[in-house]
Amino acid sequence: MRRLLVAGNWKMHGDVTMTTELVEGVAAKVVSMSEGKDLSYEVLVCPPSIYLSKAVDVAGRALSEIKVGAQNVSEHSHGAYTGEISLPMLSEIGCGYVLLGHSERRQYYGETNESVAKKFAACTAFGDVVPVLCVGESLAEREAGLTEQVVENQIQAVLDLVGIEGFGKKYLQNTKNAVIAYEPVWAIGTGKTATPEQAQEVHAFIREMLASLDRGIADSTQILYGGSVKPSNALELFAQKDIDGGLIGGASLEIESFSEICKAAQKLAES
Ligand code: PEP
């Protein structure tokens with residue numbers, strides 16, 4: 001049974017005060033919504049790397065079930081790579097997840113299917129940090145009928161390096177699968193959301209792609225939807241059979257909206 005995962009991508013937003021207040025505020029809401037019961041879904045926040053330690057500290061004190069992830073990582077473990085941060089560094093400070101190949105990194109920083117796959121392979125070899133592989137098509141690609149081809153190429157590049165096993169329980173002491181986030185580029189930060197049917201169609205395609213190689217891994221891999229998720233549409237999106245939560249940008253920057261999205265996950269997890 002897959003748990004729902006609600007992940008916040010803060011992008012390049014925030015400061016020390018906001019990091020403290022947002023993580024504490026979300027923790028308080030999550031605790032009060034759960035009414036003393038164990039959390040029935042997972043929560044992840046991905047602040048800018050300079051605030052990762054802070055977020056880990058605050059989450060540790062407020063609600064250890066809130067996990068912290070980075071927005072990018074080097075494929076190298078150490079060395080002369082100015083400005084880069086490595087997997088051992090993330091792991092040492094208690095950061096257990098990393099977003100890979102977010103469309104903004106592909107668009108503005110020249111990341112390619114191959115360079116993203118190398119980072120994913122580094123995560124697989126390292127084991128202590130769960131990769132969240134972001135995939136998705138542009139508007140032009142969707143309109144040209146290329147959505148499945150684009151997503152397939154993005155995932156295939158990773159499969160070519162790590163095989164289907166790289167998506168299985170290789171992470172956090174062999175307890176966690178890798179995560180995939182389907183984020184249509186045209187829906188990110190635009191206010192346009194894929195309809196639940198559009199999103200489900202691509203999620204089912206991704207799951208079938210994995211299932212053609214290993215049904216067990218496909219069935220246990222969380223596939224998140226990202227692209228203008230907000231409190232008003234989260235429930236309907238997360239209710240789709242192959243949508244296992246969301247990667248949230250704008251709405252993850254406010255305690256109220258992020259907690260409302262968590263509430264949608266809780267509602268579905270308990271239904
Ligand atoms: C994102 O940054 O991954 C994202 C989905 O952003 P937004 O929710 O703002 O569209």
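1. In this predicted model, the second largest pocket holds about 270 Å³ of space. Its lining consists of 13 residues, and those nearest the centre of the pocket are Met1, Arg2, Leu4, Leu268 and Ala269. By class, this lining comprises six nonpolar, three polar and four charged residues.

2. A total of 22 residues line the largest pocket, with Met12, Gln71, Asn72, Arg105 and Tyr109 lying nearest its centre. Helix H4, which spans residues 103-108, supplies three residues, the largest share of this lining. The lining of the largest pocket divides into eleven nonpolar, seven polar and four charged residues.

3. Which residues are closest to the ligand? They are Lys11, Glu183, Gly189, Ser228 and Gly249, out of 14 residues that surround the ligand. This shell contains eight polar, four nonpolar and two charged residues.

4. Lys11 places a polar side-chain atom 2.7 Å from a ligand oxygen atom. For His102, a polar side-chain atom lies 2.8 Å from an oxygen atom of the ligand. Gly250 takes part through its backbone: one of its polar backbone atoms is 2.8 Å from a ligand oxygen atom.

5. How much of the ligand's exposed area does the protein bury? Taken alone, the ligand exposes 290 Å², and the protein buries 96% of that area.

How values were computed:
Residues numbered from 1 in each chain as written. Predicted model: local features only at pLDDT ≥ 70, side-chain atom pairs only at ≥ 80, totals over all residues. Heavy atoms only, no water. 1 Å grid on protein atoms, 1.4 Å probe; cavity = no way out; pocket = protein on both sides within 12 Å on 5 of 7 lines; lining within 4 Å. Helix = DSSP H or I, 4+ residues; strand = E, 2+ residues; numbered from the N terminus. Nonpolar A, V, L, I, M, F, W, Y, C, P; charged D, E, K, R; others polar. Points joined across faces, edges and corners; volume = space filled by probe spheres on them. Near = heavy atom within 4 Å. Polar contact = N/O pair within 3.5 Å; in protein donor to acceptor, adjacent residues only side chain to side chain. Areas by Shrake-Rupley, 256 points an atom, 1.4 Å probe, with all protein chains shown as cover.
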